[in-house]
Amino acid sequence: ATGLAAFEFWVLTAGKIDPYIHSATFLCFMLPIVFLIYGATVRSKDLPSFIDIVFVITAIAAGIYILSHSTYFLNRWPMASPLSFWDLFFGAALIVMCFDACRRTLGPAMTVVVSIFVLYALFGHLIPGPFFHTYLGWRDFIDQLSFTINGIMGSTTQVAATYVFVFVTFGIFLDVSGGGNFFFRLAHAAAGRQVGGPAKVTSLACGLYGMISGSPTSDTVTVGSFAIPTMKRVGYDSIYAGAVTAVSATGGAIVPPVMGTSAFLMAQMTGIPYIEICIAAIIPAIFYYFGIMLQIHFHTLRYEIKSTELQDLPPLREVLLTQSQYFLPVIILIYLMVRGYTPTYAGIIAILAAIAVSWTRRETRLGPRKIWDAVVQGCFNVAPLLAVCAAAGIVVGCIMVTGLASKFIVLINTLSGGILPLALVIGAVVLIVLGMGMPLPAVYVLGAVLIAPILIELGFPLKLAHLFIVYYSAMSAITPPVAVAAYAAGGIAGADPMAIGWRACRLGIVAYLVPFIFMFQPALILEGNPIEVIWAVVTAAVGVFALSAGIEGWLRKLMLIWERIAAILGGILMMYPDILFTGIGALLVLLGLFRQFFRAKKHEIAKPL
C-alpha cells in the first residue's frame, strides 16, 4: 500500500505516464490488497488462503508483465495485432481476478450483473431477434477487455486511479487530523438545540461526512452507530430513526464539492469541468436536506418528541472559534478548482493542508507514523472501490463490443413512444433496478452507457442527462426492495429494512422530483438569467415547505386528509418554475395550509403511526 501510494502521488504530481499504463499498474498492484483484506469466502480466516496468495502473485506478475511490454501494448492494433500465449494468459487472468474481486467486495448482486453481460458478449450471437450481435471470439474478448481502454483499463479504472484515490485519501487525512470530529461537533452545535435536535444532527452529520466518503452504506454505519440509539432514546421509533440516517447518508453522495465519486466519473465520461458539475448540484443538494429537515421538524412537533439527549452542547460560536481551521482544507480545495486546477492537484494540496491544520492542536498532530497509517488506510478504503470500477469496466467493455447501447436506445424509444416524461420515468426505473445492491459508481457507469445516450437523443443536454443519472443512481441506495443503506440502518436500529426504505423514500422525496424538474427547467441547476434562477429557487423553496408539511400532516396543528393532498400537490406544482404551474400550486398550497394559521381550540396531538 505504501509503495502504491508513493507511485500514485508521483504520477499525479510530477510523473508522466500513459493512462493505460497508469490504470494497469494501479489495478495490478491494488488487486493484491483486495485479495489480502477480503477473504475468498465468508468463512475465510484472517490468514490469506492458498488461492489468495496465488491471486496476489498473479496480479503482481501481470503488472510487471504489462509494464515490461508497455511499448508493444501502446502501439499495437486492437483486434488485429496478434497476442502471444502470455498476453492471453495475463489478459484472461486480469478478467478473472477483477470478477473475483467484485464477488468478494460487492457480493452476489453486482457479480450476477457482470456475469450476465459477459455471457451476452460471448453467446449473444446465438440469440435471435433485435439483441443478436456478431460472433465475438474469446481471443477478441480478452483483447478488448484487457488491452484497450474500452474495458477494464478504461475510464472507470482511470477515475479510481486518480480522483477516487486522491479524495478518499483526503477524507482519511481530514478525519484523522480532527476534521471528522469537528464536523460532528458543528452539526451538534448548529442543530442540537432545535426542535428534533438529535434527528437534525444526524442529518447534518451524515451529509457532511457522506460528502467526502461518498458511500451511503459506510456513512449509515459510521454515523448511525451512535445516532440511531440516541434518536430512539428520545422517542423516535426504530423505523424513523433508521430512515433519517439512511436518507441523510445517501444524500452525501450528491453534496458538492466532493460528491463522493459520482462527480469525478461524470467529469471523466462527459468532459464537463468538475467545478461546473459542483455548481449545478448546489441547489438540488440544499433542497434535498431542506426537505428532510422540515419533515423532521414537523414530525417532532406532531408526536411531541422531546430532545432531552442533547442538552450539554457547546455553543456554535465556541465550536467555530476553536475549530474553524478545519474549514481551511475544504476552502483550499474549492478555491483551487475554481481557479482551474485539476481536482487531483487540488486534492493533493488539500491533503497537505489537512496535515498542516492537524498541527494546530497537540492531540491531533500528524507525525510520520500517523501519516503513514493514513496513507495505508486510504489504500485499504480505495480497494473495494477499485473492485467496483474494474467490474463496471468489464460491463462497459461488453456493452461496447456488442453494440448493446444502441439496442437499448431503440427499446426505450419504443416503450416510451417518444414521450419525454415517460422516457425519463423508464430511465429512472431502470437506474433503480440496476442499483439494487450496487454502489453508486457502478450504477452511474451503467447508466451513463445505457441511459444517457437515450436522453441525449431525445434532445436533453449532456449535463442534464448525466446529472439525472447521478441522482437516481444515488437514490437506489434507499429505494426498496434492495435498499443497501436501509439494510445497514435496519441492522443498527433493529427494525425492518423494507419499512425503513419506504420511510426513507418519503423523507427523500425531493430527490425523486428535482431531477425531473431540472430536465425541463434548468434554472434549478443555476442555468439561465438571474431572474429565472431566483424565481425558480424561491418558488421551489415554498413548494418543498408545503410538500414537507403535507407529507407529515402537520404545520401548527393536525392537517385533514384533503388539506394534506392539497399541500402535497400544490408543493409539487410550485417546484416547477412555470407561471401556470406555480399559480395553480400556490392556490392549492393556500387552500391546504389556510386553516393552519389559526389557533386550534384545543391542542391536537397525533397517535403514533
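The model is predicted, and local features are reported at pLDDT of at least 70, side-chain atom pairs at pLDDT 80 or more, and totals for chains, interfaces and linings over all residues. Residues are numbered from 1 along each chain as its sequence is written, and side-chain values use heavy atoms, with hydrogens and water left out.

The protein contains 30 helices and zero strands, where helices (H or I, at least four residues) and strands (E, at least two) are DSSP runs numbered from the N terminus. Along the principal axes, the C-alpha atoms occupy a box of roughly 85 × 65 × 50 Å. The radius of gyration is 25 Å, in agreement with the value near 25 Å that a compact globule of 609 residues would have; this quantity is taken over C-alpha atoms, and the globule rule is 2.2 Å times the number of residues to the power 0.38. Of the 609 residues, 58% count as buried, with buried defined as under 20% relative accessible area, exposed as over 50%, and partly exposed as in between (1.4 Å probe, protein chains only). Contacts are heavy atoms within 4.5 Å; among those between residues at least 6 apart in sequence, 76% join residues at least 24 apart. The accessible surface amounts to about 24,700 Å², and carbon and sulfur atoms account for 70% of that area. Accessible areas were computed by the Shrake-Rupley method with a 1.4 Å probe, and for residues only the protein chains shown count as cover.

Side chains of opposite charge can pair when their charged atoms come close. Ten salt bridges are present in the structure, each defined as a side-chain nitrogen of Lys or Arg within 4 Å of a carboxyl oxygen of Asp or Glu. In one of these, the closest N and O atoms of Glu-276 and Lys-463 are 3.1 Å apart. This pair links distant parts of the chain, 187 residues apart, with Glu-276 in helix H14 (residues 274–280) and Lys-463 in helix H24 (residues 462–475). Glu-276 is partly exposed at 33% relative accessibility, whereas Lys-463 is buried at 11%.

A salt bridge also joins Glu-552 and Arg-503, with an N to O distance of 3.3 Å. Because Glu-552 belongs to helix H28 and Arg-503 to helix H26 (residues 497–507), the pair ties together parts 49 residues apart in sequence. Glu-552 is buried, with a relative accessibility of 2%, and Arg-503 is buried at 8%. For Glu-563 and Arg-595, the closest N and O atoms of the salt bridge are 2.9 Å apart. Glu-563 lies in helix H29 (residues 561–574) and Arg-595 in the segment after helix H30 (579–593), so this pair connects parts that are 32 residues apart in sequence. Glu-563 is buried at 0% relative accessibility, while Arg-595 is partly exposed at 26%.

On the surface, a nonpolar patch is formed by Ile-279, Ile-282, Ile-286, Phe-290 and Leu-526, which together have about 390 Å² of accessible area. Patches comprise residues with over 30% relative accessible area and no salt bridge; like charges are joined within 9 Å, and nonpolar side chains (Val, Leu, Ile, Met, Phe, Trp, Tyr) within 5 Å. Helix H15 (residues 282–302) makes the greatest contribution to the patch, with three residues. Leu-526 is located in the loop between helix H27 (509–520) and helix H28 (530–552). The relative accessible area of Leu-526 is 34%, and this residue is therefore partly exposed.
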